[in-house]
Amino acid sequence: VTISASEAREAVRIFIAESSGDGARAEEIGDRTPLVERRLLTSLMVADLLLFIEELRGVPIEASSLGPGCFKDIDTIVSTFFEEAT
Amino acid sequence: METATVIEALNAASARQRRCVLPWPAAGEVAPESTWWTSPELVSLVGTPAWQACDLAARRRLSFYEAAAFFSMNVHNERRLIAGARERRARTADPAVAAYLDHFAREEDEHSAMFGEFCQRYAGRLYPDRSVAFASDVAAAAGEEDFVFFARVLLFEEIVDAFNVAMARDVRLPEIVRAIHRCHHRDEARHLVFGREMVQRLWTAHAPAWPAATRRALGAHLRAFVAATGRELCSADAYRDAGLAEPRALRALAAASPAAAARLNLAVARSAAFFAELGLPLAAAGEVSS
C-alpha cells in the first residue's frame, strides 16, 4: 500500500463525487453515506473505481471475490481495500 | 414476421450452424511487434497525443495487447450473458424462446472458449474482470429487469459486432485474429436479431405501464452502460503490458477522446436508432458516449 488510510479516504470520496454525474460534492459524501443505496455509486462505475484504488494501493485487486457490500460506504471501502494502511 | 416465427427461424439457423475450426498458430510464431493485431484505426489511443508519441513497434505491440483485452472483455461479458440467459431459460413459458436461449448460451460458451484460448496462448493470461453487479442499479417495475438484461445484451453485442465486422475483413491482421472475429460475427448476427425481438416484445408488454420517470431512468442507465462499455474498450491492463506509462491516465485520455466517441457512436448507431424508435432515446443528437 502506497497511501495512508486517511489519504485514501479523501481520494476515494473525491473520486466518487466527480464520477457520480449527479452533481454531488465531496463534502456532501460522509464516511457512512450509503453510496449504492443513494446511487452515488453504480455497478457501471465500479471498474473505474477499482482501477483508481489499484493505483492508490500499487497492487492489483482480485475483483471476483468482491460483492456490492464492499462498496456500501466510504468507511467500508477504506476498510476493505486499505486496511493494511490503518 | 411474427416474433415466434422469427425465433423459430433463429432456432433452425443455430441448429444448422457448425462450430468454427480455427487456424491456431504455435505460440512461438506470435510476435506482437511483427504485425497489426487490432486494426490500427480501432486502437483506443488513436486520436490522442499518446498515439502520436508511439513508434510503429509500440503501436503494433499495443494493438496486440488490445486484441487480448478485447477478447478478455468478451469472455467476462459473455459469462454474465450466459448466466442471465440460463436464468431466463429456467422461467420462460415460451418453448421457442427457451430453445433459443439454449442455443444462445451454448454459442456464447463456445465464443468464450475461443477468446480465452487466444488470450491464454498468446498473451499468457486473461485480463481481469473488474465488474461487480449491484441489484439496485435498476428499479423493480414489472418487466424492467428482463428489459434491462436484453437491452444491455443487445447494446454490448452491437458494439463488439461492429469491431468484429471491421476486423474480420482487415487483411493487415493475422488469419487467426480475422477468423475469431469472423466466427463471432457469424453467431452474433443471429443474437442481434433475437435481442431486438426480445427487447421489442418486453417493451410492448411492459412499457405502457411504466411511468415517465422509469423510462427516463432506463434511458439514462442504458446510456451509462454504453459509456461504460466504451471505457472498457480502453484497457489500462493493455497499456501496462504494452509498456506505456500511467495506464489509468491513458485510459481516461483515450475514453474522453473525440475519436473514441466517434467509434462508439458509430458502433452503437443502429441500436440507438432502434431504441429511439421504441420511444426510449439513449441520447440527444446522436451522442451516446458522454
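In the predicted model, Glu175(B) and Arg182(B) join their side chains in a salt bridge, with an N to O distance of 2.6 Å. Glu175(B) is partly exposed, at a relative accessible area of 38%. Arg182(B) is partly exposed as well, at 40% relative accessibility.

A salt bridge also connects Arg88(B) with Asp146(B), at 2.8 Å from N to O. Arg88(B) belongs to helix H3 (residues 56–91) of chain B and Asp146(B) to helix H5 of that chain, so the pair ties together parts 58 residues apart in sequence. Arg88(B) is buried, since its relative accessible area of 6% falls under the 20% limit. Asp146(B) is likewise buried, with 18% relative accessibility.

Glu41(B) pairs with Arg172(B) in a further salt bridge, in which the closest N and O atoms are 2.8 Å apart. Glu41(B) sits in the loop between helix H1 (3–16) and helix H2 (49–53) of chain B, while Arg172(B) sits in the loop between helix H5 (144–168) and helix H6 (175–206) of chain B; the contact therefore ties together parts that are 131 residues apart in sequence. Glu41(B) is partly exposed, with a relative accessible area of 45%. For Arg172(B) the value is 35%, which is also partly exposed.

In chain A, salt bridges form a network. Its members are Arg9(A), Glu10(A), Arg13(A), Asp31(A), Arg32(A), Asp73(A) and Asp75(A). Over all chains, the count comes to 37 salt bridges.

How values were computed
Residues numbered from 1 in each chain as written. Chains lettered and ligands numbered in written order. Predicted model: local features only at pLDDT ≥ 70, side-chain atom pairs only at ≥ 80, totals over all residues. Heavy atoms only, no water. Salt bridge = Lys/Arg side-chain N within 4 Å of Asp/Glu carboxyl O. Helix = DSSP H or I, 4+ residues; strand = E, 2+ residues; numbered from the N terminus. Buried < 20%, exposed > 50% of the residue type's maximum accessible area, 1.4 Å probe, protein only.
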